Each structure stands twice: as structure tokens, then as C-alpha cells.
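Me: Please take a close look at how the strands pair here. Then set that part against the rest of the chain.

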Amino acid sequence: MKTKNYILILFIAFCCSMCNSSKKDKEETVSTEKKSENPKHEHPTLTSEDSLKLVNHAIEVKGEVEKQLQLTVDSLKKMKVVTIENLKITGKGGVIKREVKACKAVLLRDILDKAKIKQTDHKDRNFYIVERASDNYKATFSWAEIFNNPTGDNVYIIFEENGKPVKNGEMIGLCKNDIATGPRHVYWLKSIEVYKIK
């Protein structure tokens, strides 16, 4: 009888260990599957043909504005144009990705003044501005950054680099005084959108 009980206990222990092992293998499989579902944060190199598909010939200014605008390079040239010299596009750790000797641009603030944000009074400031590219890349600014901070003097829409038209979409959004300028450097700029925080 003792021998039968002993064998039975061994059998139960063996079954339990097999179940746990199977469960562990299953969890590892699920974990691996979940990891593989998450795409890596990579930026594929675009061909010149792909880049051309993303080019916009006008920027739409829309959202919480009194006057929606369609801005082209020609319409930007009629606004207050500034020249930016020795522009460096930097990434993580201050690595210089690109340098431009001179470019021509218009302040984002001037564009927003022209479109006129829908403010009920001078205390109505809870807005944010999104610069959106054709590939849906976005850079975001608060109302305070643009209108009540030195950053507002450094956020541009660029339309000319080194005396030539911009290659990657006729206009580029850029915040010149960011520590890393790359994240808010928007190629193929398609729209400037104003939203109210509710």
C-alpha cells in the first residue's frame, strides 16, 4: 500500500512539474510574440521618388483660427522674411546631422498672427500648435512658447536653403533654439493646426 501511495505521489509531482514547464514555455512564447509585435523605431531611407510623393506645394493653416490660410513659397516671400545663418540640425547628444550656411524663413508667430487664433479675450491662452508633415510626423508647440517665450523668436517655416528651394517638401518647420533641433525639424510640412485645450 505504501509503495502504491509513493508511486501515486511521484506521478502527481511529475504531472505538476510537466504542467508548470508547459505553462512557462507558453508564457515565453507569448512574451516573444508580444516583443516581435512592437516595431523598432527606425527611419527607412527614402528614395528620391518616395520623397517627391511627400512634397506639398502649400501649407494649410487650420483649426482654431479666424482665417484659414493656404500658404505657398510665394506667399511666404511676401511676408516678413528673415535670414538664418550657420544653421545646425542636431540630434541626440548634440550630434550634428546637417549644416546649412544660410536659409530664408518666416516666423511661425507671424503666420499665426495672420491667421488670428480664436481667443475670446487676452487671458484665453490654452492652445497648442501642431506642425504636421505629409508622412504624419508632428512637432508641437504651446501658445506660451510661441507668444510669451524666447522660443517664439526661433520657430520658423523655412523655404530656401543656401540660395535654393528646399528639397524635402517646399517648406520645413524648425525650432532653432531647441537643445536637439532634429525632433522639431519637420520636413514635407503640410499643415499648421491650432487646437484649444479643453
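Reply: Two strands are taken as paired if DSSP finds at least two bridges between them. Strands (E, at least two residues) and helices (H or I, at least four residues) are DSSP runs, numbered from the N terminus. This is a predicted model, in which local features need pLDDT of at least 70 and side-chain atom pairs count only at pLDDT 80 or more, while totals for chains, interfaces and linings use all residues. Residues are numbered from 1 along each chain as its sequence is written, and side-chain values use heavy atoms, with hydrogens and water left out.

Strand β5 (residues 127–133) and β6 run antiparallel and are joined by 5 bridges. Within that pairing, Tyr128 has Ser142 of β6 as its bridge partner. Both strands belong to an open sheet of 5 strands with mixed pairing, in the order β2-β1-β11-β5-β6. At its edges stand β2 (69–71) and β6 (138–142); each has a single partner strand, so one side of each is left without a neighbour in the sheet. From one strand to the next the twist averages 15 degrees (axes are lines fitted to C-alpha atoms, for helices over the stretch in contact, and angles run from 0 to 180 degrees between N-to-C directions).

Strands β3 (residues 82–90) and β4 (residues 96–107) also run antiparallel, joined by 8 bridges. Glu85 has Ala102 of β4 as its bridge partner. The two strands form a hairpin with 5 residues between them, and Gly93 in the turn has a positive phi of about 75 degrees.

Now the packing. Leaving aside residues up to four places away in sequence, Leu76 touches Leu71, Val81, Val106, Ile111, Ile157, Phe159 and Met171; contact means heavy atoms within 4.5 Å.

For the whole chain, the secondary structure comes to 5 helices and 11 strands. Of its 198 residues, 35% count as buried (under 20% relative accessible area; exposed is over 50% and partly exposed in between, with a 1.4 Å probe and protein chains only). Among contacts with a separation of 6 or more, 62% come from residues 24 or more positions apart.
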